[in-house]
Amino acid sequence: MPLVDGGSRITNYIVEKRESTRKAYSTVTTNCQKCSFKVPNLAEGCEYYFRVLAENEYGIGEPAETTEPVKASEAPSPPESLNIMDVTRNSVSLAWPKPEHDGGSKITGYVIEAQRKGTNQWAHITTVKTLDCVVKNLTENEEYTFQVMAVNSAGRSAPRESRPVIIKEQTMLPEFDLRALYQKTVIAKAGDNIKIEIPVLGRPRPAVTWKKEDQILKQTQRVNYENTATATILTINECIRSDSGQYPLSAKNIVGEVKPSDAITCRDDIEAPRIKVDAKYKDTIVLKAGEVFRLEADVSGRPPPTMTWTKGEKELEDTAKLEIKIADFSTILINKDSSRRDGGAYTLTATNPGVTAEKCVLSWLPPLDDGGAKIDHYVVEKRETSRLAWTSVGAEVPVTKLKVTKLLKGNEYVFRVMAVNKYGVGEPLESEPILAVNPYVPPDPPKTPEVTAITKDSMVVCWGHPDSDGGSPITNYIVERRDKTGLRWVKCNKRVVTDLRFKVSGLTEGHEYEYRVMAENAAGVSEPSPTSPFYKACDTVFKPGPPGNPRVLDSSKSSITIAWNKPIYDGGSEITGYMVEIALPEEDEWKIVTPPMGLKATSFTITDLKENQEYKIRIYAMNSEGLGEPALVPGTPKAEERMLPPEIELDAELRKVVTIRALKWTREHGESLDRASIESTSSYTLLIVENVNRFDSGKYILTIENSSGSKTAFVNVRVLDTPGAPQDLKIKEVTKSSVTLTWEPPLIDGGSKIKNYIVEKRESTRKAYSTVNANCHKTSWKVDSLQEGCNYYFRVLAENEYGIGLPVETSESIKVSERPLPPGKITLLDVTRNSVTLSWEKPEHDGGSRILGYIVEMQSKGSEKWSTCATVKVTEATITGLIQGEEYTFRVSAQNEKGISDPRQLGIPVIAKDLVIPPAFKLLFTTFSVLAGEDLKVDVPFVGRPKPAVSWHKDNVALRQTTRVNAESSENNTVLTIKEACKEDVGSYLVKLTNSAGEATETLNIVVLDKPGPPTGPVKVDEVTADKRRKTAFYGLK
């Protein structure tokens, strides 16, 4: 309040503010009736000046202003957690995240305090500016609790406590961190230095051992390894090809020994170029004159390949009409105005020789500083290391890569590159000295050749691929032969051979030859392979195949006559005869029954057999190589007299003496002959059917028997009528809008060819059929435009020239639906050491039929088999019985009455282990209100693993639970219940969550809405006047 009120009572105050970066004040309020005011809506972290002016009935007075700017900030929130990172016998390593809120002012540091178990006093340890701290000089085997507070210009935050920890040395099984090694493979060029550094964990410090393949790695000056406190380092200087291979390593301490599941592999840094093009380019592209066409390709290889486009034999260049864009691993050719002469074959060639004896490929990155102007081009120069003068190899290079040619084999070169902009030439970047030699060597010799096919003038020679191609693909094999009677090796192939076989022709019959093979690549020809054995040039003769169609022609009580055909394969030599053997059915002892020199004929009668005895009979063919494979006569023929069955057409004389004992008419499929009348005499039979219909069509069979046997004849009867019903109507496929039907033609066509079929449908709720297709010429039809989810009957009728036949109908109604789509996104809800909880979204489409359930399958790491682990009807499942530490993959399929959908797979594998999650609250708001006398339930959701311990405090005192006020907790929430709320329930409630991963606290405010209490006194009278009509009293708050 002003010391001088200007002779008139102060009516109000005016409060103004201004940011420290501005000069003008803005009004906050013009009608403040008190001597204090809260200025809202300030920008957090900004600095402000404030001033207050008093006003009476004569106007506004002088302002009172703050002398220093005031920063709109407060003390920061505490760090989210305080984590124990490491423990030794006398120290603890602590770490914490930044506070969620810095209070509007920069965090200037963190205060660390410690409390020993059994004391209530917190001891100051240190103040740090980082997010971690190592507390030293602690007492071994004592238990400590630590707390951290964030500090800003407004003060300290509330403390965040750690879990209690006992100070003692930790032990841990050794562990390797191989994440920095991609696929556990190191790739290098010959001559490079390799350094592999692998972090090693473990308490106490493990001893690390390296191996090469299965042998302990022998350390030399060039190959050695070093173990530090936190890592092991393998060094290979100037690596060579023999350094390639697997390097297993192991670590051991008092806790145990571990080895990575896979060894570290070193291999060459050479990868042949590969070109990938769209499938559309494999066909001829047809264009109109004037159109634009593009040819695109992706290229891979190591080192990055050099690409050239050619048409015919001519290399294409960038022109105004033809644009060629080349990046590291892709290229595009664009013809902006095609004409007739642009037609033809375009060839893309990719090569990556790196440095060869004649050329090399340089590449570099643009400069970090472009000098304030765009880089126009680059200047590339070279010099031999034995000279001082530089010579230009590219004066205006537009890209960051250049192929340098015309190098001298064996010379050492240095290259330099300078960037050029409109202001001039920049400083040069020099390369390391490079030796112009090929990066590859001639291949190893091929494997020993073998001969697989021989004739009198040719042989087919085969061999194995060399162990190494020398770093360059094999382009040709050279095959040489040597006659046993000569000394000179003769080249056999004039053309290029890339297969691992070659037919050598032009040989002399009867001569013996040996062979050798050499491989050729870009570096030259390999050493010859080991020589083959000698092979003689002559036509090969084999034993013949089995005789064909062995059969019995006749038999008597003492003989069996057999016959056969010549073998299909004579073995390359003329058949000289045949041999026949017999044996009793139960015996394996065979007896030759033909002359020793064999038979020339293809039939033979075996004599001196026992009456009614069965025999096994087999036949061999013979050529110059000997006996071939046998052919067995079917069955076991018996030596017995043959009886002939009767014939229906008998001679007139024989009819007088042959007695027919039985005569019978039947239908082919056993149909009834009730409507037929049959008349028979000794010389003929007659069957009559009157008033025929389509069902009387078919085969009528007459059987005649006597004591010698039986004879059968048949008559085909065709009745002209409409056709019968089609056969075997089946549902081939059902979708959400169509059904595909298939059927077979009618057994009875009515004596006329089926012209077409009529396909009809009806909904199961209706009685009338509607025609789908009245002129179907196939025995299948797809009925579409059906209503999804509806049930239909279908029927098919055949039609011939006499009309429409009988229908065939589906016995059950068909629901128009299909398999559902896969379930939607799968979410991992929970993981424990032996269970996983999954949830998923319903399929986007159920296929037109209700989802009956879901099938959950799992696959363990290293296995290709999926096994069903749960079948549920809801979109959530818990899979139990998992093995701790094992890695699993899960997938879910939906099922309806039509089948099972394609599976939806969880995006990442899951390791069965208990989750460790620091406690955290999931509250939407922290203030709760209730009418006096009403009940209040405060539901506080949270997360944490393992399940946090929950404690409630009211006004910094542990909450005393009664039947009226109590708290209950579950896995993921805690509920405070207050019955018949009253004024005593008003206040701040602190909820604290604690588990092994940390702790979290949250303050809740509870307001009970009720009528106000009495004002607080005493009432102070500040001014009394003599006016009886009016008294004024001012209430002051003390």
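Are Glu857 and Arg891 buried or exposed? I looked both up, and Glu857 is buried, as is Arg891. For my notes, buried is under 20% relative accessible area, exposed is over 50%, and partly exposed is in between (1.4 Å probe, protein chains only).

Before going on, I noted that this is a predicted model, where local features need pLDDT of at least 70, side-chain atom pairs count only at pLDDT 80 or more, and totals for chains, interfaces and linings use all residues. Residues are numbered from 1 along each chain as its sequence is written, and side-chain values use heavy atoms, with hydrogens and water left out.

**Entry: salt bridges**

I counted a salt bridge where a side-chain nitrogen of Lys or Arg is within 4 Å of a carboxyl oxygen of Asp or Glu. That rule gives 31 salt bridges.

Glu857 and Arg891 form one of them, at 2.8 Å from N to O. Glu857 sits in strand β72 (residues 853-860) and Arg891 in strand β75 (residues 887-896), so this pair ties together parts 34 residues apart in sequence. Strands here are DSSP runs (E, at least two residues), numbered from the N terminus.

I also found a network in which Asp86, Arg89, Glu169 and Arg203 are joined by salt bridges that share partners.

Next I checked Arg51, which pairs with Glu16, their closest N and O atoms being 2.6 Å apart. Arg51 is partly exposed because its relative accessible area is 23%, while Glu16 is buried at 12%.

**Entry: cysteines**

I searched for disulfides, meaning pairs of cysteine sulfur atoms within 2.5 Å, and the count came to zero. Cys360 is buried at 2% relative accessible area, and Cys982 is partly exposed at 25%.

**Entry: surface patches**

My patches use residues with over 30% relative accessible area and no salt bridge, joining like charges within 9 Å and nonpolar side chains (Val, Leu, Ile, Met, Phe, Trp, Tyr) within 5 Å.

Leu173, Ile254 and Val255 make a nonpolar patch of about 290 Å². Ile254 is in the loop between β23 (249-252) and β24 (257-258), and it counts as exposed because its relative accessibility is 70%.

I found a negative patch too, formed by Asp554, Glu611, Glu614, Glu640 and Glu641. Glu614 lies in the loop between β53 (603-606) and β54 (616-623) and is partly exposed at 31%.

Conventions. Accessible areas come from the Shrake-Rupley method with a 1.4 Å probe; for residues, only the protein chains shown count as cover. Lys and Arg count as positive and Asp and Glu as negative; His and the chain ends are not counted. The place of a charge is taken as NZ of Lys, CZ of Arg, CG of Asp or CD of Glu. Helices (H or I, at least four residues) and strands (E, at least two) are DSSP runs, numbered from the N terminus.
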